[in-house]
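Hi everyone, thanks for making time this morning.

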Amino acid sequence: MIFSRKIDPFFIGAALACVLTFAGATLARDASNLSQKSSDEAKSAAKAKVSVNRPKDTTAPARNPPKNALQKAGKSAREKSDPEQAERERREFLKKTGILLWPELSDEQQQAFVKKQKEHLEEVRKKVPAGALQLYETDFFLFFSDIAPMYAKLYVPYLDAMYRDLCKAFGLDPKKNIFQGKCLVIAFAQEASFQQYETIFFKEAKPGAQGLCHCNSNGEVIMACFAGLDTLYFASVMVHETSHGFMFRYKSNKQIPNWLNEGAAEWIAKHVVTRDRAIPRKIQKSLAQMRQTGSMGGNFFSAEHIEKWQYGLAAHLTEFLLQYNAQGYKRMIDDIKLGKSWRDALQDAYRLTPEELARNYGIWIGLPMLAP
Ligand SMILES: [Zn+2]
């Protein structure tokens with residue numbers, strides 16, 4: 001596989017990105033700031049739509065791949081004993097379904113990717129005006145940052161905890177590397193450096209964004225962000241965004257629907273950064289909205305990108321799905337990643353239609369007539 005560091009239109013076009021806005025500043029801690037908060041949030045919601053490349057519409061009926069192709073794909077993942085056979089099956093699966101299963105990489109290949117990634121970090125050091133950038137390396141992450149070392153050392157363990165907990169949720173060996181090379185996490189102290197990085201390496205600034213996960217079609221993941229003033233909120237943004245990279249690298253390049261993707265990201269951020277109160281607040285806010293309207297918004301399951309108020313709902317619904325049937329959750333994501341439509345995957349794993357899921361979740365939160 002070719003590792004391309006060259007930034008060209010294809011690179012940009014092929015990158016998928018999730019943006020989390022600088023909500024740390026808008027989540028005012030006192031009620032006196034409420035009106036400012038809502039106007040800022042409206043602005044942030046508009047800005048949240050800024051993205052390098054929008055995910056495909058999930059409402060379009062997906063064609064399920066043939067059953068034997070799914071079975072083979074599941075088998076090939078286990079077929080480490082014959083890499084050539086596994087590679088043939090991978091290609092065959094791509095031809096049949098258009099889905100790229102991520103290949104098993106040898107230690108030598110992984111080391112070569114990491115070497116290239118470190119070269120990119122040196123390029124960042126040369127080109128982006130920032131403080132003293134330092135590299136903190138763990139088994140699966142290259143955390144590159146000019147944040148004061150005493151704080152940087154507080155953030156890195158959140159990434160490792162996220163990795164461990166997501167592996168647990170998906171039944172993966174937490175010692176096995178899901179990434180190509182490692183996951184790059186470039187965390188600037190200042191917003192200006194982050195905007196410079198995005199401009200230099202991804203062609204445009206991302207005003208209003210605090211963090212952003214670039215999931216490149218060549219398989220690599222780069223999460224870029226800046227710290228801001230609220231350290232716990234920043235940790236939560238970092239985990240949220242990086243978890244998109246994990247999901248991207250899980251099994252295949254097939255995208256999961258936005259409500260599931262954002263739900264998983266918010267769920268894991270809440271789970272790992274337990275002291276941050278932003279996500280519990282988002283959940284309360286979405287519950288209040290659903291109590292008023294009796295609805296999840298009408299567009300929740302089909303939206304290309306869910307609305308800002310629905311992030312709390314997505315997090316809470318993920319919690320519900322996991323509590324209801326954790327194995328079903330894994331099975332549903334597995335099936336989607338292997339090409340099943342999410343509606344069919346939901347039906348097979350939970351025996352529920354989206355409308356029935358809304359009703360069941362509604363019962364869980366005391367709104368038995370909740371509409372999707
Ligand atoms: Zn996200």
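Let's start with helix α7 and helix α10, whose crossing is right-handed. A crossing is called right-handed if the near helix is turned clockwise from the far one by less than a right angle, and left-handed if anticlockwise. Before I go on, a word on where this comes from: this is a predicted model, in which local features need pLDDT of at least 70, side-chain atom pairs count only at pLDDT 80 or more, and totals for chains, interfaces and linings use all residues. Residues are numbered from 1 along each chain as its sequence is written.

To find the two helices, look at residues 149–169 for α7 and residues 258–272 for α10. Helices here are DSSP runs of H or I with at least four residues, strands are runs of E with at least two, and both are numbered from the N terminus. The axes of α7 and α10 are 10 Å apart and meet at an angle of about 120°. That angle makes α7 oblique to α10. For the cut-offs, under 35 degrees is roughly parallel, over 145 roughly antiparallel, 65 to 115 roughly perpendicular, and the rest oblique. The axes themselves are lines fitted to C-alpha atoms, for helices over the stretch in contact, with angles from 0 to 180 degrees between N-to-C directions.

Which residues of α7 and α10 make the contact? On the α7 side they are Tyr158, Ala161, Met162, Asp165 and Leu166, and on the α10 side Ile268, His271 and Val272. Contact means that the C-beta atoms, placed from the backbone, lie within 7 Å. By class, this contact has 6 nonpolar residues, 1 polar and 1 charged. Here Ala, Val, Leu, Ile, Met, Phe, Trp, Tyr, Cys and Pro count as nonpolar, Asp, Glu, Lys and Arg as charged, and the others, Gly among them, as polar.

Now keep your eye on α10, and bring in helix α9, residues 231–249. α9 and α10 pack with their axes 8 Å apart, at an angle of about 130°. These two are therefore oblique to each other, and α9 passes α10 in a right-handed crossing. From α9, the contact uses Ser236, Val239, His240, Ser243, His244 and Met247. From α10, it takes in Asn261, Ala264, Ala265, Glu266, Ile268, Ala269 and Val272. This contact of α9 with α10 divides into 7 nonpolar, 5 polar and 1 charged residues.

In the loop between α9 and α10 sits Lys251. Lys251 has a positive phi of about 65°, although it is not a glycine. As background, most residues other than glycine have a negative phi. Is Lys251 buried or exposed? Lys251 counts as buried because it has 20 C-beta neighbours inside 10 Å.

Look for Arg351 in the loop between α14 (342–350) and α15 (354–364). With 10 C-beta neighbours inside 10 Å, Arg351 counts as exposed.

On to the strands. Strand β2 (residues 134–137) and strand β3 (residues 141–145) run antiparallel and are joined by 4 bridges; strands pair if DSSP finds at least two bridges between them. β2 and β3 form a hairpin with 3 residues between them.

Val156 is partly exposed because it has 18 C-beta neighbours inside 10 Å.

The other hairpin to find is β5 with β6, where 5 residues lie between the strands and Gly219 takes a positive phi near 105°. Strand β5 (residues 209–215) and strand β6 (residues 221–226) run antiparallel, with 5 bridges. Leu212 has Ala224 of β6 as its bridge partner. In β5, 7 of its 7 residues are buried.

Finally, zooming out, the protein has 15 helices and 6 strands. Of its 372 residues, 39% count as buried.

How values were computed. Two residues are in contact if their C-beta atoms, placed from the backbone, lie within 7 Å. A residue is buried if 20 or more other C-beta atoms lie within 10 Å of its own, exposed if 12 or fewer, and partly exposed in between; C-beta atoms are placed from the backbone.
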